[in-house]
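Please keep the sequence and the three-dimensional view at hand while reading.

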Amino acid sequence: MKAPLDWDDPQGDTIGIELIRAQSSGDKNRRIGSLIFNFGGPGGSGVTTLPAFGQDYAELRTRYDLVSFDPRGVGRSEPVRCLDDKQLDAYFQQDATPDDAAERTGLVDGTEEFNAACDRNSGRILPHVRTTDAARDMDLMRQVLGDDKLHYFGISYGTELGGVYAHLFPKNVGRAVFDAVVDPTQTPEEGSLGQARGFQRALDNYAEHCASQAEDCPVGDSAEDVKNRIARLLSDLERRPIPGIFPASSPRPPRPAASRRRCTRRTSGSTSPTAWSRRTAVTDGSSWPCRTR
């Protein structure tokens with residue numbers, strides 16, 4: 001889909017917005033319309049996420065065409081490009097939880113370098129990747145898809161995007177679901193603390209569930225045991241990074257940050273019970289990249 005680069009100049013330059021659609025599998029006479037998904041981020045790719053989780057929405061597909069998209073600045077749409085692959089590898093090796101002044105200086109310097117590269121390499125599109133721009137793109141999608149109303153399913157940041165759409169186009173809103181709602185009045189710090197509380201609750205729930213399975217929980221006999229083992233795993237990765245995560249061509253050695261960050265995502269980041277078996281495999285050391293033996 002082609003959209004204006006600048007919605008204040010709709011007759012000016014255009015950019016491409018990549019969409020994906022799974023047509024309704026049900027009776028065409030019972031089809032309601034299109035259901036547009038945004039899975040969050042900001043910056044998440046709907047073009048890759050919808051196929052990955054499409055089966056979870058099979059029942060919705062009996063009444064709707066399932067549609068998602070890469071927002072402007074993301075993936076297969078007009079992307080924001082900052083660093084090349086080698087530079088990105090180095091950037092993601094930064095320790096996001098610095099322990100001393102040198103690590104803090106490195107993190108700040110690396111972030112400033114990244115921001116400058118984005119401005120240098122994507123200055124044309126950067127002023128036009130706001131939430132309001134994405135919301136206006138969604139109303140254009142509604143028209144392209146031939147729908148009178150926009151039916152919407154937003155998750156996490158997708159709820160903020162959906163709320164902005166509803167404010168801009170209140171008469172065009174059809175059915176809407178907001179899941180894991182983001183509070184747009186919060187500061188970034190408040191939002192991060194709220195997310196951390198959610199991750200902690202998910203980890204507590206996982207630990208209690210795993211321990212309740214008795215012999216089927218290989219990572220601890222009690223919920224406290226499970227959480228302690230996860231903490232030890234992350235501490236071990238701080239001291240002994242996993243070989244091979246950092247590119248061989250880099251002049252720098254493997255950094256603890258990448259190993260720990262990847263494993264932290266797998267051990268504490270998911271709130272869904274469907275991910276608990278993977279979390280167990282990570283914690284008991286049977287799943288790469290958290291295998292330490």
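Two elements are said to be in contact when heavy atoms lie within 4.5 Å. The model discussed here is predicted. Its chain holds 10 helices and 7 strands. Of the 293 residues in the chain, 37% are buried. Among contacts between residues at least 6 apart in sequence, 67% join residues at least 24 apart.

**The sheet**

- Five strands form an open sheet of mixed pairing, and their order is S3-S5-S4-S6-S7.
- The edges are taken by strand S3 (19-22) and strand S7 (173-179); each has a single partner strand, so one side of each is left without a neighbour in the sheet.
- On average, and with direction ignored, neighbouring strands of this sheet are turned by 20° against each other.
- As a general point, the strands of a sheet pair through backbone hydrogen bonds, either parallel or antiparallel.

**Strand S6 and its partners**

- Strand S4 (residues 33-38) pairs with strand S6 (residues 150-155) in the parallel sense, over 4 bridges.
- Two positions illustrate this pairing: Ile 36 has Tyr 152 in S6 as its bridge partner, and Asn 38 stands opposite Gly 154 in S6.
- S6 is also joined to S7, by 5 bridges, and these two strands run parallel; Leu 150 stands opposite Val 173 in S7.
- Is S6 buried or exposed? In S6, 6 of the 6 residues are buried, so this strand is largely enclosed by the rest of the structure.
- Leu 150, Tyr 152 and Gly 154 point one way from S6, while His 151, Phe 153 and Ile 155 point the other way, and all are buried.

- Ser 45 caps the N-terminal end of H1, with a side-chain oxygen 3.4 Å from the backbone nitrogen of Val 47.
- Pro 42 lies in the loop between S4 and H1. A cis peptide bond, with omega of about -5°, joins Gly 41 and Pro 42.

**Helices H5 and H6**

- Helix H5 (residues 131-145) lies across S3, S4, S5 and S6, and runs at about 150° to S4.
- H5 packs against helix H6 (residues 157-168) at an angle of about 70°, and the two axes are 9 Å apart. H5 is therefore roughly perpendicular to H6, since angles of 65 to 115 degrees count as roughly perpendicular.
- On the H5 side, the contact is made by Thr 131, Thr 132, Ala 134, Ala 135, Arg 136, Met 138, Asp 139 and Arg 142. On the H6 side, Tyr 157, Leu 161, Val 164, Tyr 165 and Leu 168 take part.
- Sorted by class, the contact of H5 with H6 has 8 nonpolar, 2 polar and 3 charged residues.
- In general, an α-helix has 3.6 residues a turn, so residues three or four places apart point the same way.

- With a relative accessible area of 22%, Ala 22 is partly exposed, because the buried class covers values under 20%.
- Leaving aside neighbours within four places in sequence, Ala 22 is in contact with Arg 61, Tyr 64, Asp 65 and Leu 66.
- Ala 22 and Gly 54 are 32 residues apart in sequence, and their C-alpha atoms are 8.6 Å apart in space.

**Loop residues with positive phi**

- Which residue has phi near 55°, a positive value in a residue other than glycine? The residue is Ser 156, found in the loop between S6 and H6.
- Ser 156 is partly exposed, with a relative accessible area of 27%.
- Ala 180 has a positive phi of about 60°, although it is not a glycine. This residue, Ala 180, is found in the loop between S7 and helix H7 (188-212).
- Ala 180 has 48% relative accessibility and counts as partly exposed.

Note on methods
Residues are numbered from 1 along each chain as its sequence is written. This is a predicted model: local features need pLDDT of at least 70, side-chain atom pairs count only at pLDDT 80 or more; totals for chains, interfaces and linings use all residues. Side-chain values use heavy atoms; hydrogens and water are left out. Two strands pair if DSSP finds at least two bridges between them. Axes are lines fitted to C-alpha atoms, for helices over the stretch in contact, and angles run from 0 to 180 degrees between N-to-C directions. Angles under 35 degrees count as roughly parallel, over 145 as roughly antiparallel, 65 to 115 as roughly perpendicular and the rest as oblique. Ala, Val, Leu, Ile, Met, Phe, Trp, Tyr, Cys and Pro count as nonpolar, Asp, Glu, Lys and Arg as charged, and the others, Gly among them, as polar. Buried means under 20% relative accessible area, exposed over 50%, partly exposed in between (1.4 Å probe, protein chains only). A polar contact is a pair of N or O atoms within 3.5 Å; within protein, one must be able to donate a hydrogen and the other to accept it, and residues adjacent in sequence count only if both atoms are side-chain atoms.
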